[in-house]
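Here are some notes for a colleague opening this structure for the first time. Please read them with the model on screen.

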Amino acid sequence: MKASQRTAHLRLTEPLRISRSTMAAREAVWLTVEHEGQHGHGEAVTSVYYGLDTETLTRLLHVETRWLARFAAPESALAALRDGERHDAPPAVVAAVESALLDLVGKRAGAPVHALLGAPAAPAARTARTIGLVPAGRAGAQAARLARDGFRVLKVKAGARDPAEDVERVRAVRAAAPRARLLLDPNGAWDADTARRLLPRFAELGVEAVEQPLEPGDPEALARLAERSPLPVIADEDAVGVEDARRLAGRVQGINVKLAKCGGVHAALRIAELIEGSGTELMLGCLTASTLGIAPAVHLADRARWADLDGHLLLADDPWTGIGGHDGTVRASREPGLGVRPRTRHTEGAAA
């Protein structure tokens with residue numbers, strides 16, 4: 001079994017501003033695993049927050065290439081990964097390796113990834129669409145356009161220096177898309193007093209839930225806020241892996257599981273199983289990535305109350321296709337493996 005990698009530049013249609021940063025582009029590293037003439041693909045994207053630049057990802061995936069060469073077939077490598085052999089690698093790297101193996105194993109079995117995971121039908125979910133920290137008028141115009149395109153869930157970023165701007169942004173979005181479900185995401189920008197003061201105002205505006213309102217690092221404080229919050233509180237930065245989920249299960253209303261954050265599909269399934277019946281519900285999130293990077297989570301979308309799988313929709317030129325989403329709904333392919341393919345102009349070095 002052989003593996004190779006290449007890098008790609010993912011440019012956003014417009015810069016995305018959140019409370020801690022503004023992003024206009026990021027790099028992706030694509031891992032391709034080949035066995036007996038078939039190929040499986042996975043993607044890891046750079047992240048300043050998680051300390052992963054292109055050089056680091058390339059180096060770490062090269063280590064995984066040597067590890068993969070030990071196995072006679074992708075099925076045995078996938079089993080070893082599932083059993084925790086790569087716990088020393090960062091979660092984003094593990095997720096990319098697992099994606100490539102799932103894609104290849106599915107193609108060899110003639111089955112889509114969701115079938116490998118036990119889902120009887122191809123999952124489909126209405127995805128949230130993100131509106132960044134932009135002026136209220138612009139946010140309203142974006143919300144109206146997205147609602148016309150079919151989006152029924154809008155996620156509004158918050159955490160401006162002046163909280164009044166956040167309130168006005170949400171008010172403008174609500175007026176422009178009165179039937180949309182609204183999620184709020186300050187990305188940990190508030191302290192507890194600010195959150196307690198602001199959340200009732202957002203509840204009055206019909207916001208459905210708030211992601212990580214408090215600065216990460218104190219999950220006990222997040223749990224205390226969730227206990228009395230007028231809005232469901234979804235842990236994100238404070239819920240990285242299985243042990244974080246165990247600590248917060250039943251104490252917050254939701255956990256945002258990102259495959260690049262927790263370590264891939266099987267880690268996400270362990271978290272889903274752990275929180276089931278606890279009163280904490282699953283949200284599936286993502287980093288800004290191509291269709292290739294988002295696809296594995298789409299194959300899990302039927303397990304989540306909230307889906308925030310719009311990372312590929314923020315790109316000016318998505319190099320891959322296969323999960324849709326431009327009408328507000330992402331859909332897992334019924335084709336073998338992940339069911340994604342490189343667009344024609346991006347086919348060089350990315351065999352299907």
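1. The model is a predicted one. The strands concerned are E10 (residues 254-258) and E11 (residues 281-285), which pair in the parallel sense over 5 bridges.

2. How many strands form the open sheet? There are 8, with parallel pairing, and their order is E5-E6-E7-E8-E9-E10-E11-E12. The edges are taken by strand E5 (128-131) and strand E12 (306-307); each has a single partner strand, so one side of each lacks a neighbour in the sheet.

3. Helix H5 (residues 136-149) packs on this sheet and touches E5 and strand E6 (153-157). The direction of H5 makes about 160 degrees with that of E5. Helix H6 (residues 163-176) lies across E5, E6, strand E7 (181-185) and strand E8 (207-211), and runs at about 160 degrees to E6.

4. Aspartate 236 sits in the loop between strand E9 (233-235) and helix H9 (242-248). Is aspartate 236 buried or exposed? Its relative accessibility is 2%, and because buried means under 20%, aspartate 236 counts as buried.

5. Leaving aside residues up to four places away in sequence, aspartate 236 touches Glu211, Gln212, Asn256, Lys258 and Lys261. With lysine 261 there is a polar contact between the two side chains, at 2.7 Å.

6. Helix H11 (residues 265-275) is mostly covered, with 8 of its 11 residues buried. Among them are Val265, His266, Leu269 and Ile275. After H11 comes glycine 277, which has a positive phi near 80 degrees.

Conventions:
Residues numbered from 1 in each chain as written. Predicted model: local features only at pLDDT ≥ 70, side-chain atom pairs only at ≥ 80, totals over all residues. Heavy atoms only, no water. Helix = DSSP H or I, 4+ residues; strand = E, 2+ residues; numbered from the N terminus. Buried < 20%, exposed > 50% of the residue type's maximum accessible area, 1.4 Å probe, protein only. Polar contact = N/O pair within 3.5 Å; in protein donor to acceptor, adjacent residues only side chain to side chain. Contact = heavy atoms within 4.5 Å. Pairing = 2+ DSSP bridges. Axes fitted to C-alpha atoms, helices over the stretch in contact; angles between N-to-C directions.
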